[in-house]
Amino acid sequence: GAWLGRCAGCLLGKPVEGWSREKIEGYLKLAGAYPLQNYLPPIPRVPEEYPIHRGGERCMLGNIQQMVRDDDTDYTILGLHILEEHGLDFTTDHVAEEWLTHFPYKQVYTAERAAYKNLVNDIHPPASAVYRNPYREWIGAQIRADIWGYVTPGMPERGAEFAFRDASLSHMKNGIYGEMFVSAMLSAAFVTNDIEKIVEVGLSEIPEGSRLAEAIRDSMKWSREFADWREAWSRVMENYGHYHRVHTINNAAIVLLGLIYGRENYEKGITISVMGGLDTDCNGATTGSILGATLGAKALPEKWVSPLNDRIESFVLGFNNSRISDLAKRTFKIAKEVLEGG
């Protein structure tokens, strides 16, 4: 469920990656599809003010044949490979080694590209996260969190610690906290369907005085005050909209809105996270991953998962055209090892 939920949420957001909420609403209203209830429909002769993100056409309604290649899922796959290759005692240096041997340089972005360049120039972690890396609190680490939560069900502290090892290669402070927060939420999602409890568990694994924790607490408060997610979204943007559109903090807040307003409704959760704008494929993927873990594969609506055809493309060496179900089985094997005291 977590793997499928992540893939479908990512596909949903990919065509409008980086768009504002207003721009997404404009497109959907033009297509007669607002509010979102399915994958984005293509529009014949789409107006030039709505340029679909590169490769996004393959993620739109009627065009989907599998999970297309995306860094959001490449990192989940690479994390699985790291665990299979180096075991549960993997180090940040092991993560660096697998980046260099299994990832093409031009398929990593912002903080990851800066860190990759540092590694090539013999600058090792933790310095690789700092040197000439102005993106070190952006969303890149947060989107790498999932595999660590998948293999630590009910063990959020361990999931967050795995995430810390991974994030330290390329991020600092709130960049690291974002990965720890999501990993811990995923660990919790396998043992409770109480969304607020899941969020509280995630918060328990990051510094209470951090800007990310403050933003999550604020977003929780606003979600209790307003019945309509758009009103809470407006408060989020008033207070945290000054961050770059791919920063950890504002995007984590949008994920939270998807979770809180979606509750146990997978479709509602991922569509809110995408309609909120900013890094839409990342936010749809993270929300979908958490709700997929909470609900399980059998509870996910067919219209979201059947177009995937149990296939996923990847630039991770040796993993292209994998079966999603096979990746899930391999992940489950490692999770059993963790639960049995590994």
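Contact is taken here to mean heavy atoms within 4.5 Å. On this criterion, and leaving aside neighbours within four places in sequence, tryptophan 99 of the predicted model is in contact with Tyr75, Leu78, Glu112, Ala115, Tyr116, Leu119, Arg144, Leu169 and Ser170.

Trp99 is also among the residues with the most contacts inside the largest nonpolar core, together with Tyr27, Phe181, Val199 and Ile216. This core has 116 residues. Helix 12, spanning residues 248–262, gives the most to the core, with ten residues. In soluble globular proteins, nonpolar side chains tend to be buried together. Over the protein, buried residues account for 60% of the 342 residues.

The secondary structure comprises 16 helices and two strands. Of the contacts between residues at least 6 apart in sequence, 71% join residues at least 24 apart.

The radius of gyration is 18 Å, which agrees with a compact globule, because a globule with 342 residues would have a value near 20 Å. Taken along the principal axes, the C-alpha atoms fill a box of roughly 50 × 40 × 40 Å.

The charged side chains number 36 positive and 45 negative, and the centres of the two sets lie 3 Å apart.

Methods
Residues numbered from 1 in each chain as written. Predicted model: local features only at pLDDT ≥ 70, side-chain atom pairs only at ≥ 80, totals over all residues. Heavy atoms only, no water. Helix = DSSP H or I, 4+ residues; strand = E, 2+ residues; numbered from the N terminus. Rg over C-alpha atoms; globule rule 2.2 N^0.38 Å. Buried < 20%, exposed > 50% of the residue type's maximum accessible area, 1.4 Å probe, protein only. Lys, Arg positive; Asp, Glu negative; His and termini not counted. Charge placed at Lys NZ, Arg CZ, Asp CG, Glu CD. Core = buried A, V, L, I, M, F, W, Y, C linked by side-chain atoms within 4.5 Å.
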